[in-house]
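Thanks for coming, everyone. I'll walk you through a structure that may be new to you. Please have a look at it on the screen.

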Amino acid sequence: MTTPLIGRRSARNLFLSAAVIGGAAFAAAPAQAGVSLDWTVENAYRAGCSGSGLNCTWLGYTTNSPAPMGAAGTATPSDGATGPTVTPQSPRGAGENVTWRFPAASGSISTTPLQGEMAFRGKVAFVSPAPPAGHGFTISVENPRIVLDVGGTTGRLYASGSTSQGTGSYDQSQPVFDLAVTDAGTLSFDGTRTFSLLAPAIATTDLVFPGRSYPAGSGPNRTPNIFGSFTISVTPDTGAKGDKGDTGAAGAPGAAGRNGTNGTNGKDGKDGTTTVVRVQTSSLAKAPFKGKAARKVRVTAKKSTKTLATGTVKGRTITFTIAKGVNKKQLKGTYVLRVVGGKGTATVRIP
């Protein structure tokens, strides 16, 4: 496959990082900024489609109704992921595409050549009710992480979540999908750059999806792809427009006693500036606190109570914002989590 054309459009690398996410204008108007992973899947499944290989997707199967041919389930984004909830009553058929968006959390990707690693935040859950109403499963894809090889023609998607298998859950130790870069990238009229279209194929049999129906390699064997496509997009950061300048003073009275004309309006103010917030999401080796409730914590060094970052911990997942004045792009190593408003502490290693 040809190396992505995006490198021919710009003499410098375009780096995407967690720092981009936090850009926000001081003025009232919102800034248009961010890096995101979009997952697009067709909502189509009909009798005999698996044999023909046409319009027969995982989403279409999940929401197809009634049972027993269909799972009569739903697909719902949450925990930061956005997009529609798909039900058996949602529009379906060839060309009925659904897109869920995951905002970036950490990592960087360069485009010349296309390579790097980036983690995203959010969850999409596929839930089918127990028989006879459905097929009785809960499968989720949570906090996906894209790893692109040097040259940008192949990659992998890792995630964690609930699985169709007896283990009940899976982690990011094995890839969910192998990815093929099928589009070099485009630049739209509004400045949004879409720089890779990633076609998925099952990488690990029985890790997430049932291996009898979806063994390794499944995905591109049907049209469209059973699991759709993944696209990484960059939206530029534009500061809010400054307030309009003051109106000029009225002119002096004329010789005949008539008032002079009003002065011209002042010039428009300069564009507002932006500030950068460093956000990081990491999966810990084990949950530092008991229970499922999220806890607000301060992150400090082992031998200091100075706050390096603040955020929340839920289970093994920690999301925090690095404090101003901390001269680090990311926190890695051993730190102490101190519960805000409580006495609980835990020593953890942030990977």
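Let's start with the whole chain. Of its 351 residues, 40% count as buried. Keep in mind that this is a predicted model. The protein chain has four helices and 20 strands. Now take the contacts between residues at least 6 apart in sequence. Of these, 57% join residues at least 24 apart.

Next, a sheet. Six strands form an open sheet, and the pairing is antiparallel. The order is β15-β18-β17-β16-β19-β20. Which strands are at the edges? They are β15, residues 279-283, and β20, residues 345-350. Each of these edge strands pairs on one side only. On average, neighbouring strands of this sheet are turned by 30° against each other, direction ignored. As a reminder, strands of a sheet pair through backbone hydrogen bonds.

Let's zoom in on β17. This strand covers residues 309-314. Five bridges join β17 to β16, which spans residues 295-300. The two strands run antiparallel. Here are two of the partners. Val297 is bridged to Gly311 in β17. Arg298 has Thr310 in β17 as its bridge partner.

What about β17 and β18? Six bridges join β17 to β18, residues 317-322, and this pair also runs antiparallel. Gly311 comes up again here: Phe320 in β18 stands opposite Gly311.

The largest pocket has a volume of about 1200 Å³. Its lining holds 40 residues. Which of them are the closest to the centre? Those are Asn143, Thr281, Ser282, Ser283 and Thr317. Several elements give two or more residues to the lining. β15, β17 and β18 from our sheet are among them. So are β4, residues 97-111, and β5, residues 114-120. β7, β8 (154-162) and β9 (169-170) complete the list. By class, the lining has eight nonpolar, 21 polar and 11 charged residues.

On to cavities. The structure holds one cavity of 30 Å³ or more. The volume of the largest cavity is about 30 Å³. Its lining is made up of Val176, Ile202, Thr204, Leu207, Val208, Phe209 and Tyr214. How does this lining divide by class? Six residues are nonpolar, one is polar and none is charged.

One last stop: Gly134. Where is Gly134 in the chain? It is in the loop between β6, residues 123-128, and β7, residues 137-148. Is Gly134 buried or exposed? Buried means under 20% relative accessible area. Gly134 has 5%, so Gly134 is buried. Who are its contacts? Leave aside the neighbours within four places in sequence, and Gly134 is in contact with Ala67, Ala71, Ser128 and Pro129. Ala72 also deserves a mention. Gly134 and Ala72 are 62 residues apart along the chain. Their C-alpha atoms are separated by 5.4 Å.

Let me recap. We saw an open sheet of six strands with antiparallel pairing. We saw a largest pocket of about 1200 Å³ and a largest cavity of about 30 Å³. And we ended on Gly134, a buried residue in a loop.

Key
Residues are numbered from 1 along each chain as its sequence is written. This is a predicted model: local features need pLDDT of at least 70, side-chain atom pairs count only at pLDDT 80 or more; totals for chains, interfaces and linings use all residues. Side-chain values use heavy atoms; hydrogens and water are left out. On a 1 Å grid over the protein atoms alone, a cavity is a set of points where a 1.4 Å probe fits but cannot get out, and a pocket is an open set with protein on both sides within 12 Å along at least five of seven lines; lining residues have an atom within 4 Å of a point. Grid points are joined across faces, edges and corners, and a volume is the space filled by probe spheres set on the points. Ala, Val, Leu, Ile, Met, Phe, Trp, Tyr, Cys and Pro count as nonpolar, Asp, Glu, Lys and Arg as charged, and the others, Gly among them, as polar. Two strands pair if DSSP finds at least two bridges between them. Axes are lines fitted to C-alpha atoms, for helices over the stretch in contact, and angles run from 0 to 180 degrees between N-to-C directions. Buried means under 20% relative accessible area, exposed over 50%, partly exposed in between (1.4 Å probe, protein chains only). Contact means heavy atoms within 4.5 Å.
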